[in-house]
Protein chains: 2
Amino acid sequence: MRGWRTIGVIGGMGPAATVDFLGHLVRLAGATTDAEHPHVLVDSNPAVPDRNAARQRRGPSPGPVLAAMARGLVAGGAQVLAMPCNAAHGWAADIRAAVDAPLVDMIGAAVARAAQLGDQGVGLMAVDATLDARLYHEALASAGLAAIEPDRAAHRALVARVKAGDTGAGARAAARAIADALAGEGAGVIIMACTEVPLVLQAASVPLVDATRELALATLAAARLGTPG
Amino acid sequence: MRGWRTIGVIGGMGPAATVDFLGHLVRLAGATTDAEHPHVLVDSNPAVPDRNAARQRRGPSPGPVLAAMARGLVAGGAQVLAMPCNAAHGWAADIRAAVDAPLVDMIGAAVARAAQLGDQGVGLMAVDATLDARLYHEALASAGLAAIEPDRAAHRALVARVKAGDTGAGARAAARAIADALAGEGAGVIIMACTEVPLVLQAASVPLVDATRELALATLAAARLGTPG
């Protein structure tokens, strides 16, 4: 039996994306019985202030709520934290200031995978809050890669649609169109840098990096006992 | 915006089944934005003692661990508890003795749905611990329905396979064969009374009741504000 640190998930952004992340944790753990899985605590909180509104100074910062969720998870026993929401990583500093448990870097995990796949421009399927905070732009630049932004209005409409529960053919076609447009602008790889995107996109004309899946892999690596905490 | 009580999920039995349950909660909440979803706290704990071993007095009772999980969830803010594991409901009394928050009755929810679908014998796709504790037998008898047990060895093998992560064509065929055998023995409806079963079974020769989905519906009904707590 493998040993694990307890994983805490700062979730609910959105709830379906949190479930998608938890599914990756289950499938990627390499467990063959219930007992071989990691212990996972989840706070799927619908009351985290809107990340886009906060970034545009139209609403409160999500930082204090995210920090409170992290403290609650750590109080419950979480030793490694993961947050399946790219945009919320703009407030990662608030979480890291609140607790000693490490917060796994979703952005870094996705960029590391993109760097393995190509040395060209990297398309970003991301919301305004992620793009405006330049979370991926800076991480990609550090890896010698250039960011290519999506059609923001189209992406905004797509995410609203998925958050409303629409993962049908129309939403899938819209996601594919945004991806293929990024490829047309020179992206050699595309990061699905918004957790709603992989719910409606499985393939495009260039390789896709699923940031949610990369976060799950990085979280399991961080949680596995015998690795540095 | 709709108001909800905070839902606490006593999970990890197995982890994939907990994710399946959480997916139902998301899809059935009727939410069109993140904020309209209920707040959900999850403890997916791989260290709950084995239900089958406990029922056969080969291992410790899961009751104390389940009670501790319930206390932790309530301490974190949970107001309504749900446990997506049929067999573990054999220890529901330990949970109910530990906390004031109501534990939604998975068995009752599934039987109520089965009673709507037919007045014939009801096939049970359930593990030994559920069958030996007669959880469904007694609830069905109260509703004037008769339980029909599955091929226990075949069902045991199926569940072990799904818990090991195998949800492929072979596992699906095995699940379908158990269901169709129950129909052949006179079942007019079959309750998927083990949370691993709906991961590999979507249809059979008679209607199926998915106890996990029924639990999600009952949990959302119990959590909706304006309903009795």
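1. Which residue of chain B comes closest to the rotation axis? In this predicted model, that residue is Val42(B), whose C-alpha lies 2.4 Å from the axis. The contact surface is shared by both copies, since 100% of the contact residues of chain B recur in chain A.

2. On the symmetry itself: chain B is superposed on chain A by a rotation of 180°, with 0.0 Å of shift along the axis and an RMSD of 0.0 Å. The two copies are therefore related as by a two-fold rotation axis. In general, a rotation about an axis and a shift along it relate two copies of a chain.

3. The interface involves 27 residues of chain B in contact with 27 residues of chain A. Between them, the two chains bury about 2100 Å², and 58% of that area is on carbon and sulfur atoms. On the chain B side, the residues that lose the most area to chain A are Val19(B), Asp34(B) and Pro46(B), which together account for 28% of what that side buries.

4. How many salt bridges are there between chain B and chain A? The count is four. One of them pairs Asp34(A) with Arg51(B), where the closest N and O atoms are 3.3 Å apart.

5. Within each chain there is a charge over a ring. In chain A, the charged end of Arg55(A) sits over the ring of Trp91(A), at 4.5 Å from the ring centre. In chain B, Arg55(B) places its charged end over the ring of Trp91(B), again with 4.5 Å to the centre.

6. The cysteines deserve a separate remark. Over all chains, the structure holds zero disulfides. Cys194(A) is in no disulfide, and the nearest cysteine sulfur, belonging to Cys85(A), is 7.4 Å away. A disulfide would need the two sulfur atoms within 2.5 Å. Cys194(A) counts as buried, because its relative accessibility is 5%.

7. Turning to chain B, is Cys85(B) buried or exposed? Cys85(B) is buried, with a relative accessible area of 6%. Cys85(B) is likewise in no disulfide: the nearest cysteine sulfur is that of Cys194(B), 7.4 Å away.

Definitions and conventions
Residues numbered from 1 in each chain as written. Chains lettered and ligands numbered in written order. Predicted model: local features only at pLDDT ≥ 70, side-chain atom pairs only at ≥ 80, totals over all residues. Heavy atoms only, no water. Lys NZ or Arg CZ within 6 Å of the ring centre and 35° of its normal. Least-squares fit on C-alpha atoms with pLDDT ≥ 70 in both. Contact = heavy atoms within 4.5 Å. Buried < 20%, exposed > 50% of the residue type's maximum accessible area, 1.4 Å probe, protein only. Buried area = accessible area lost by both parts, 1.4 Å probe. Salt bridge = Lys/Arg side-chain N within 4 Å of Asp/Glu carboxyl O.
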